[in-house]
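Thanks for sending this one over. Here are my notes, to be read with the model open beside them.

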Amino acid sequence: MEDSAIIDLFFERSEQAVAELEQKYGAAVRKTAGNLLRDRQDAEECANDTYLRVWNSIPPQRPDFLGSFVCRITRNLAVSMLRSKTAAKRNRELDLVLDELEACIPSPFNVEADYELKELTEEINCFLSRLSYFDRFLFVRRYWYADSVGDIAAEMQIPENRVSVRLFRLREKLRKTLQKEGLLA
């Protein structure tokens, strides 16, 4: 079923909308939640919470890209769940992913945070749009979906070392781009 038809079902408040959404994007939702949470039950709970959040968001929202909309909700819910479950202890895998990007992306906590965050988002989107499909795939899979280097390498059928080196070069390229644009000191 086309995304627009699924969204129309949500606007009609048809329960079939959730079933169609799960059929089309369920695998992506489970993979995104599973990669971040590393626990099957937590990932399943996150997926169910995602469908509820989508149900409550559409209407009034009418997303242009339903798959991205759903995965963004899943990712945000999974990160929130991780933060609450690991408040007293550190999550090694998520910390590793975030630490890799730490040198490239400035902290958003200051007086002009909203404006700077918008500029940063726009620049990262521009950066990603200028990358080759291969590089963009690697970057998004690692830093948005939190896939492991091993999983990315297996899917791309290339050595893990090549993935690691390419990700390092992409982070450096992003850092230099953000410095050039004045978004990173």
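The points below go from the overall fold to local details.

1. A word on the ground rules before anything else. This is a predicted model, where local features need pLDDT of at least 70 and side-chain atom pairs count only at pLDDT 80 or more, while totals for chains, interfaces and linings use all residues. Residues are numbered from 1 along each chain as its sequence is written, and side-chain values use heavy atoms, with hydrogens and water left out.

2. On the fold: the protein chain has 9 helices and 0 strands, these being DSSP runs numbered from the N terminus (helices are H or I, at least four residues; strands are E, at least two). Along the sequence the pattern reads α-α-α-α-α-α-α-α-α. Of the contacts with a separation of 6 or more in the protein chain, 64% are between residues 24 or more positions apart; contact here means heavy atoms within 4.5 Å.

3. On burial: of the 185 residues in the protein chain, 41% are buried. The cut-offs are under 20% relative accessible area for buried, over 50% for exposed, and partly exposed in between (1.4 Å probe, protein chains only).

4. The largest nonpolar core has 50 residues. Such a core is a set of buried Ala, Val, Leu, Ile, Met, Phe, Trp, Tyr and Cys residues joined through side-chain atoms within 4.5 Å. Those with the most contacts inside this core are Phe10, Leu21, Val54, Leu66, Phe139, Val163 and Leu174. Helix H4 (residues 66-85) gives the most to the core, with 9 residues.

5. Have a look at Phe139. Leaving aside residues up to four places away in sequence, Phe139 touches Leu101, Phe127, Leu128, Trp144, Leu167, Leu170 and Leu174.

6. How do H7 and H9 pack? Helix H7 (residues 133-143) meets helix H9 (residues 160-180) at an angle of about 90°, with their axes 10 Å apart. The axes are lines fitted to C-alpha atoms, for helices over the stretch in contact, and angles run from 0 to 180 degrees between N-to-C directions. So H7 is roughly perpendicular to H9, a label that covers 65 to 115 degrees (under 35 is roughly parallel, over 145 roughly antiparallel, the rest oblique). On the H7 side the contact is made by Phe134, Asp135, Leu138, Phe139, Arg142 and Tyr143, and on the H9 side by Arg162, Val163, Arg166, Leu167, Leu170, Arg171 and Leu174. By class, this contact of H7 with H9 has 8 nonpolar, no polar and 5 charged residues. For the classes, Ala, Val, Leu, Ile, Met, Phe, Trp, Tyr, Cys and Pro count as nonpolar, Asp, Glu, Lys and Arg as charged, and the others, Gly among them, as polar.

7. Most residues other than glycine have a negative phi, and most peptide bonds are trans. A cis peptide bond joins Ile58 and Pro59, with omega about -15°, and the bond from Pro59 to Pro60 is cis as well, with omega near 15°. Pro59 sits in the loop between helix H3 (40-57) and H4, and Pro60 lies in the loop between H3 and H4.

8. Two non-glycine residues deserve a glance. Ala146, in the loop between H7 and helix H8 (149-156), has a positive phi of about 60°, and Ala146 counts as buried at 5% relative accessibility. Gln157, in the loop between H8 and H9, has a positive phi of about 55°, but Gln157 counts as exposed at 72% relative accessibility.
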